[in-house]
Protein chains: 2
Amino acid sequence: MQVRLDELKATTLKVLRLSGYSQEQAEIILEVLMYAQLRGNNQGIVKLIGAGMPADVNATAIKVLHETKLSALLDGGRNQGMVVLNRALEMALAKAREHGFGIVGTNNTNTSTGAIGYFASKAAQAGFIGFIFSGSPEFVAMHGSYEPIFGTNPLAIGVPSAEKPLVFDMATAAIARFGVIEAKTAGRSISPDVAYDGEGQPTTDPAAALAGAIRTFGGYKGAALSMMVEVLTRPLVQTTPNEEGRKTDWGNLVLVFDPGLLGDADTFKQEVAGLVGKVKATKRLPGVDEILVPGERGDRVLDAILASGMVEVEDNLWQALQAKA
Amino acid sequence: MQVRLDELKATTLKVLRLSGYSQEQAEIILEVLMYAQLRGNNQGIVKLIGAGMPADVNATAIKVLHETKLSALLDGGRNQGMVVLNRALEMALAKAREHGFGIVGTNNTNTSTGAIGYFASKAAQAGFIGFIFSGSPEFVAMHGSYEPIFGTNPLAIGVPSAEKPLVFDMATAAIARFGVIEAKTAGRSISPDVAYDGEGQPTTDPAAALAGAIRTFGGYKGAALSMMVEVLTRPLVQTTPNEEGRKTDWGNLVLVFDPGLLGDADTFKQEVAGLVGKVKATKRLPGVDEILVPGERGDRVLDAILASGMVEVEDNLWQALQAKA
């Protein structure tokens, strides 16, 4: 159904406040959820339904564990991942404003950071090239294996442009874990090449996949890339394993730099916009109406919503959200 | 045939000197070619056969176009790509030794940088996490298109470890352009999902593919990643287009940082080695003898060569190299 944007935001904020977040935390999480919701990304308000995202009652203040002029490592204090990653981005941007580069890692959170394209986009809007890497529990197998060892390990890259920023945001898994759960709930099967069951056989049964492992995207190359994200979000940011060596917290890494480190930043932004134009003007395959660059599909959805002030939300989802408010 | 390693190196060095490179340049190129050749990577001595890699007679000294404490942009002066990228890496490492981070871009080269894993590996051996991005002419199409607009756009990531460094090195193209040329020469067909002909039809004919476009790996995600490498190796490093807007030079970017920016570097290296052990110990799919981590396959080939002092080289290739020496 069509919901007024301001009503969707107010209801979401109310649910977040009722979930135990401070006004400041709730506003940060709202922004990240809306970034997803208003771009047709499935990491939106659905996160608040069912068990939802209650604040950890044992959460403590975010602490700086290590800091240099260019870097920091943050102990997230079991706060919500989006709140901690937002702090990390702010610190990285402050360092990059001063020195041209900033890198900040986080550990000791155990909740999703949502659509990390939000953070890459924010870096790009501030004029910086931003890389965001996010870890999660062991759901995904290495190439050649069917035992989960990696997170779904998304990475996002934001690039400033004289027009809209380019925002690349992808999981290195062949399917989001949430997609498997959705399929199970809906009684749908999953594609035969995205997961293994607990015996190492390809499976289309989401329940079997949840007992087995999700595969990485793009064959051995995607698996190798997933392992690199694992390195950057696990040993580099010092997540804490349990006695069996499994992750007890989820790590994140933000790396931002000023394109002005290599020359004139405005010229760079103009040329990024020019490159986008060139790419969009290339010859299209049969049946392709338009070449879309990273982030563009979501921008289109958002622009339509902002123009009308109305958001299409599934009936069930909107009712469930209102019931929680 | 089996060739003595020292003889292979001496012959290769001689061919490089005869190709117009100074002793210093020839030794740098030799190292990069041997990195590939001794790891079973196809970017080795085959590059010296046929037209080979003659030095550009109009090459001038590498110039620093822009520099900050953390960064530089180099004009490669039409020198060989490996020589220029090696200089960029040395500068980036010097800056990272002083500040923890260094980023150096290059333009004005128009030759291959070879197996860029070499540079990522060198960064890792020096104790730094290194990202290498390399551009090339327009051979690869964006997702939804069949008109070449991107290079094969490899990226490499090197990670220091208490054991062997992890070295990730991949093209974002579905097949190396060289692989298409090899197939054409050998009269072989290519896989049906790696290229389009000039009309946008999938093709298995390498000649048709060369007149059309190579595809990116991993569907739209791989295409988006290729576009990010394009941004980092084209507008960011200020390559020069011709009147039609096509690339006349190939850009490269080196980004290195000290894992010590986030905590204790030795602990990090230990934990990377621990993660590698965990990944290798995961349950294997039927028919898989061993889980290999990024760079490991090549390390195995190299170790065998170093142990025996002998390298297996195709008869034709060795004869062609000797004929040039």
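Student: How many bridges join strand β8 of chain B to β9(B), and do they run parallel or antiparallel?

Tutor: Strands of a sheet pair through backbone hydrogen bonds, either parallel or antiparallel. Here 5 bridges join β8 (residues 155-159) of chain B to β9(B), and the two run antiparallel. Strands are DSSP runs of E, at least two residues, and helices are runs of H or I, at least four, numbered from the N terminus. Two strands pair if DSSP finds at least two bridges between them. This is a predicted model: local features need pLDDT of at least 70, side-chain atom pairs count only at pLDDT 80 or more, and totals for chains, interfaces and linings use all residues. Residues are numbered from 1 along each chain as its sequence is written, and chains are lettered from A and ligands numbered from 1 in the order in which they are written.

Student: What is the bridge partner of Leu155(B) in β9(B)?

Tutor: Met170(B). A hairpin of 6 residues connects β8(B) to β9(B).

Student: Which residues of β9(B) are buried on each side?

Tutor: In a regular strand the side chains alternate between the two faces of the sheet. Leu166(B), Phe168(B) and Met170(B) are buried on one side, Val167(B) and Asp169(B) on the other. Buried means 20 or more other C-beta atoms within 10 Å of the residue's own, exposed 12 or fewer, partly exposed in between, with C-beta atoms placed from the backbone.

Student: Which strands stand at the edges of the sheet in chain A?

Tutor: The open sheet has 7 strands, ordered β2-β3-β4-β12-β5-β8-β9 (chain A), with mixed pairing. β2 (63-67) and β9 (166-171) of chain A each have a single partner strand, so one side of each lacks a neighbour in the sheet.
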